[in-house]
Amino acid sequence: MTCQEIAEFLLAYLERELPEPQRDVFQAHLDECPACVTFLRTYESTIRLGKAACRDCPEATKAKVPDALIQAILAARTTGHEQPQNETSDDS
Amino acid sequence: MQKPATTTNEGASNRTDDAALVERLRAGEERAYEEMVREYSGQMLAVARRFLRSEEDALDTVQEAFISAFRALDRFEGQSKLSTWLHRIVVNSALMRLRKKSRRAERSIEELLPQFRSDGHPARPMNPWREDVAVALEAQEARALVREKIDELPDPYRTVLLLRDIEEYDTRETAELLEITENAVKTRLHRARLALRNLLDPYFRGEVA
């Protein structure tokens, strides 16, 4: 298995979707290749950075809503604004 | 999807609060509508802004989502929390708006992916990132940088990364939302993460101040 194949199958490896023989080969490559271990760690850091920047911080989770928007939403309800086609069931 | 950490009792309490609010909404109580909009519009606008690059689009999307929700209240069965239900509605609205917009000229994902030599070795040395990546993220500028780099991803990849890694929908839910196969979700997610890793690499291995 080459470094390129390690990069290709990284997601399957991390999600434990690689079949056993392939997983062993993958693991054997990691045991011998510090560059791929570094690559794997930076890939995992990327996921954590995304969550930290987009979800786990105040500026990304709750926006200050302009009062004009709140009033527009409430007004649209009473005036029967055209309904966008949307999936609205909570049974899934 | 993104699930707030609550104890069983808190979860039950939330559902009770939701049920009471929904009952008042269904009874047409004006005050209840305003409470709902004031309570949930902040988080819905934050979600819309993640998907849409224009503030005007984000605001319109939140409005559309609330109108959809008002009209569908009879179909809210209380199987999920009200916030979860509204979250899905605003995500759907944002995705619909993205689909309608003319596709902007985007970079190819290929040019953002890691490059390898013909023998399968990396074309560039793999350098470790700073050990204090988590600390760096305490600075608002660093978080803004990460969001900026996510925004540079081509839309088909960016949306999958947002749905899977940020909104925390699973592969099946993401496939349904985007009307693509689960295999396509996995492929796009992996490529999006690889591309984002490459875009962040110069900053977090300390080459760029």
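Reader: Between which helices of chain A is Arg16(A) found, and is it exposed or buried?
Author: In this predicted model, Arg16(A) sits in the loop that joins helix H2 (10–14) to helix H3 (20–32) of chain A. Its phi is positive, about 55°, although Arg16(A) is not a glycine. The relative accessibility of Arg16(A) is 65%, and exposed means over 50%, so the residue counts as exposed.

Reader: What is the phi of Glu179(B), and where is this residue found?
Author: Glu179(B) is a residue other than glycine with a positive phi, near 55°. With a relative accessible area of 66%, Glu179(B) is exposed. Its place in chain B is the loop between helix H8 (171–178) and H9.

Reader: Why is Glu182(B) classed as partly exposed?
Author: Glu182(B) belongs to helix H9 of chain B. Buried requires under 20% relative accessible area and exposed requires over 50%. Glu182(B) falls in between, therefore it is partly exposed, at 38%.

Reader: Which residues does Glu182(B) contact, leaving aside neighbours within four places in sequence?
Author: Thr171(B) is eleven residues from Glu182(B) in sequence, and their C-alpha atoms are 6.0 Å apart. With sequence neighbours within four places set aside, Glu182(B) is in contact with Thr171(B), Arg172(B) and Ala175(B).

Reader: How many helices and strands are there in chain A, and what share of its residues is buried?
Author: Read from the N terminus, the elements of chain A run α-α-α-α-α-α. That corresponds to six helices and zero strands. Chain A exposes about 4900 Å², with 51% of this supplied by carbon and sulfur atoms. Of its 92 residues, the buried share is 46%.

Reader: How many helices are there in chain B, and what share of its residues is buried?
Author: Chain B follows the pattern α-α-α-α-α-α-α-α-α along its sequence, with nine helices and zero strands. Its accessible surface comes to about 10300 Å², and 46% of that belongs to carbon and sulfur atoms. Among the 209 residues of chain B, the share counted as buried is 52%.

Reader: Among contacts with a separation of 6 or more, what part comes from residues 24 or more positions apart in chain A, and what part in chain B?
Author: Taking contacts with a separation of 6 or more, residues 24 or more positions apart account for 45% in chain A. For chain B, the corresponding value is 72%.

Reader: How many cavities of 30 Å³ or more are found, and how much space lies in the largest?
Author: Rolling a probe the size of a water molecule over the atoms shows where empty space is left. Across the whole structure, the search finds one cavity of 30 Å³ or more. The space in the largest cavity is about 30 Å³.

Reader: Which helix gives the most to the lining of the largest cavity?
Author: The lining includes Thr46(A), Ile47(A), Gly50(A) and Lys51(A) from chain A, and Leu161(B), Asp165(B), Ile166(B), Arg193(B) and Leu196(B) from chain B. At least two lining residues each come from helix H4 (34–54) of chain A and from helix H7 (155–166) and helix H9 (182–204) of chain B. With four residues, the helix that gives the most is H4(A).

Technical notes. Residues are numbered from 1 along each chain as its sequence is written. Chains are lettered from A and ligands numbered from 1 in the order in which they are written. This is a predicted model: local features need pLDDT of at least 70, side-chain atom pairs count only at pLDDT 80 or more; totals for chains, interfaces and linings use all residues. Side-chain values use heavy atoms; hydrogens and water are left out. Buried means under 20% relative accessible area, exposed over 50%, partly exposed in between (1.4 Å probe, protein chains only). Contact means heavy atoms within 4.5 Å. Accessible areas come from the Shrake-Rupley method with a 1.4 Å probe; for residues, only the protein chains shown count as cover. On a 1 Å grid over the protein atoms alone, a cavity is a set of points where a 1.4 Å probe fits but cannot get out, and a pocket is an open set with protein on both sides within 12 Å along at least five of seven lines; lining residues have an atom within 4 Å of a point. Grid points are joined across faces, edges and corners, and a volume is the space filled by probe spheres set on the points.
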